[in-house]
Amino acid sequence: MTRGNAVKIMGIIGVAGMLALTGCKGATAPGTSQAPVQEKVQTNVQDSGSGETHAGEDTRAAGDVYTIKLASPTYSGEAVHEGIEKFKELAESYSDGRIVIEHYDSAQLGSDRDTTEQVQQGVLEASCCSSSNFVSFVPAFDALELPYVTSRDKMDAFNSSLDDGELGEFFGEQLKQVGFQPIMYNMFGYRIFCTNEKAPMNGIDSFKGIKLRTTESQAEMATVEALGASAMPLAWADTITAIEQNTVNGWATTDSYAKNCGAYEIIQNAIDTEHNLTLHLVVMNKAYYDSLPADIQEIIMRAGKEAMDFERDYEKETSKKDRQFMMDKGVHYYLLSDEERQQLMDITRPTWDKLMDSDVKKKALEMIQKTQQ
């Protein structure tokens with residue numbers, strides 16, 4: 001079975017999964033009242049002694065088991081995936097089995113944007129979603145999507161502000177306002193462009209005239225267009241097939257994700273732009289989280305913090321190894337000179353002024369920039 005067919009089948013399974021989840025629950029539209037959410041998500045609370053389900057209970061015994069379905073687009077071996085698995089391990093261990101995390105990876109239940117919408121509606125308890133796709137829910141994440149707004153050598157300061165400082169407090173409030181409780185800010189990594197044989201990468205002029213898959217992030221689309229390519233928003237589940245069929249020539253990803261999703265089988269070229277940082281957020285439905293006992297909440301947040309630290313270290317260790325793996329598989333990398341990288345910074349810099357069109361985005365940008373000084 002080819003990688004494209006595997007992804008296509010995975011997408012069909014995801015649609016079936018979403019239908020199964022939504023068919024009998026009457027999901028609300030994004031942004032509407034969260035009143036029905038508590039009733040829906042609390043059906044996943046069971047008494048560990050009797051095995052009976054206690055739907056909608058306000059008071060639960062210490063022996064109750066809390067089953068949390070968590071959907072992600074990740075693949076085994078990739079840093080975000082391993083971070084989620086560590087979160088599962090820690091949460092279940094610290095709770096002595098009172099918390100059960102069911103991790104549905106590889107977009108089994110749909111794209112990360114779709115499953116995050118399900119979390120917002122209360123159909124799912126938790127989801128992992130890229131910051132690129134999160135702009136549909138929290139526009140302030142567009143500031144993080146700006147090209148070259150952060151650099152890897154300033155990540156300690158960025159993470160500190162995100163974990164325990166004003167940046168994390170700001171994004172946390174934005175998330176909670178639209179129905180999400182943030183659990184983890186995972187490091188997906190700095191993105192490069194990977195392309196098929198129809199779009200060889202031989203320098204910064206190679207972008208002209210090619211078609212690149214993007215998320216719905218305005219910043220990502222504007223960056224692609226500034227480089228001279230055509231931006232084509234497309235769900236991840238359809239991307240590999242689209243590249244195989246040359247509907248698009250490639251997309252922006254990380255070395256690790258390209259390796260672990262098997263994309264090296266259908267791409268021939270890469271260029272190390274490292275033009276922006278992408279996070280993968282693990283979020284929970286806020287109404288569900290607020291309904292949990294205080295000790296369960298504490299365990300979830302503790303496990304999330306420790307797993308997030310593990311994930312970031314994992315990403316640092318594996319990113320270079322995964323690039324070498326791609327090269328060994330025959331992917332041709334064009335490595336930018338310092339002069340060429342500066343040219344890309346200059347070419348894409350006008351997108352900042354174009355996209356920072358609201359006070360909330362400008363505030364986010366200001367806080368991000370403080371961490372880069």
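**Stop 1: the largest pocket**

Start by selecting Leu162, Asp163, Ile183, Tyr185 and Met301: of the 14 residues that line the largest pocket, these lie nearest its centre. A pocket here is an open set of points on a 1 Å grid over the protein atoms alone where a 1.4 Å probe fits, with protein on both sides within 12 Å along at least five of seven lines, and lining residues have an atom within 4 Å of a point. The space in this pocket comes to about 240 Å³, a volume taken as the space filled by probe spheres set on the points, with grid points joined across faces, edges and corners. Now colour α7, α8, β5 and α13 (294-328), each of which supplies at least two residues of the lining.

Before moving on, a word on what you are viewing. This is a predicted model, in which local features need pLDDT of at least 70 and side-chain atom pairs count only at pLDDT 80 or more, while totals for chains, interfaces and linings use all residues. Residues are numbered from 1 along each chain as its sequence is written, and side-chain values use heavy atoms, with hydrogens and water left out.

Zoom out for a moment: the protein has 16 helices and 12 strands, where helices (H or I, at least four residues) and strands (E, at least two) are DSSP runs numbered from the N terminus. Of its 373 residues, 57% are buried; buried means under 20% relative accessible area, exposed over 50%, and partly exposed in between (1.4 Å probe, protein chains only).

**Stop 2: helix α8**

Select residues 166-177. This is α8, a helix of 12 residues that reaches 17 Å from its first C-alpha to its last, close to the 16 Å expected at 1.5 Å a residue; the expected span is 1.5 Å times one less than the number of residues. Which residues of α8 are buried? They are Leu167, Gly168, Phe170, Phe171, Gly172, Gln174 and Leu175. Step just past the helix to Gly179, which takes a positive phi of about 95°.

**Stop 3: strand β11**

Next, select β11. It is largely enclosed by the rest of the structure, because 9 of its 9 residues are buried. β5 pairs with β11 in the antiparallel sense over 9 bridges, and two strands count as paired if DSSP finds at least two bridges between them. To locate this pairing, show Met187 and its bridge partner in β11, Leu279. Strand β4 (residues 126-130) also pairs with β11 in the antiparallel sense, over 5 bridges; here, show Ala126 with its partner Met284.

**Stop 4**

Move to Asp272, in the loop between β10 (269-271) and β11 (277-285). Is this residue buried or exposed? Asp272 is buried, with a relative accessible area of 8%. Leaving aside residues up to four places away in sequence, Asp272 touches Ile192, Arg323, Tyr334, Leu335, Leu336 and Arg341, a contact being heavy atoms within 4.5 Å.

Now show Asp255, Asp272, Glu274, Arg323 and Arg341 together, as a network of salt bridges links them. A salt bridge is a side-chain nitrogen of Lys or Arg within 4 Å of a carboxyl oxygen of Asp or Glu.

**Stop 5**

The structure holds 21 salt bridges, and a few pairs are worth a look.

- Select Lys361 and Asp142, whose side chains meet at 3.2 Å, N to O. Lys361 lies in helix α16 and Asp142 in helix α6 (residues 142-145), so the pair ties together parts that are 219 residues apart in sequence. Both Lys361 and Asp142 are buried.
- Select Arg113 and Glu216, which meet at 3.7 Å, N to O. Arg113 lies in helix α4 (residues 112-121) and Glu216 in the loop between β7 (211-214) and α9 (218-226), so this pair ties together parts that are 103 residues apart in sequence. Glu216 is partly exposed, at 44% relative accessible area.
- Select Glu92 and Lys88, which meet at 2.9 Å, N to O. Both lie in helix α3 (residues 79-94), 4 residues apart, about one turn of the helix.
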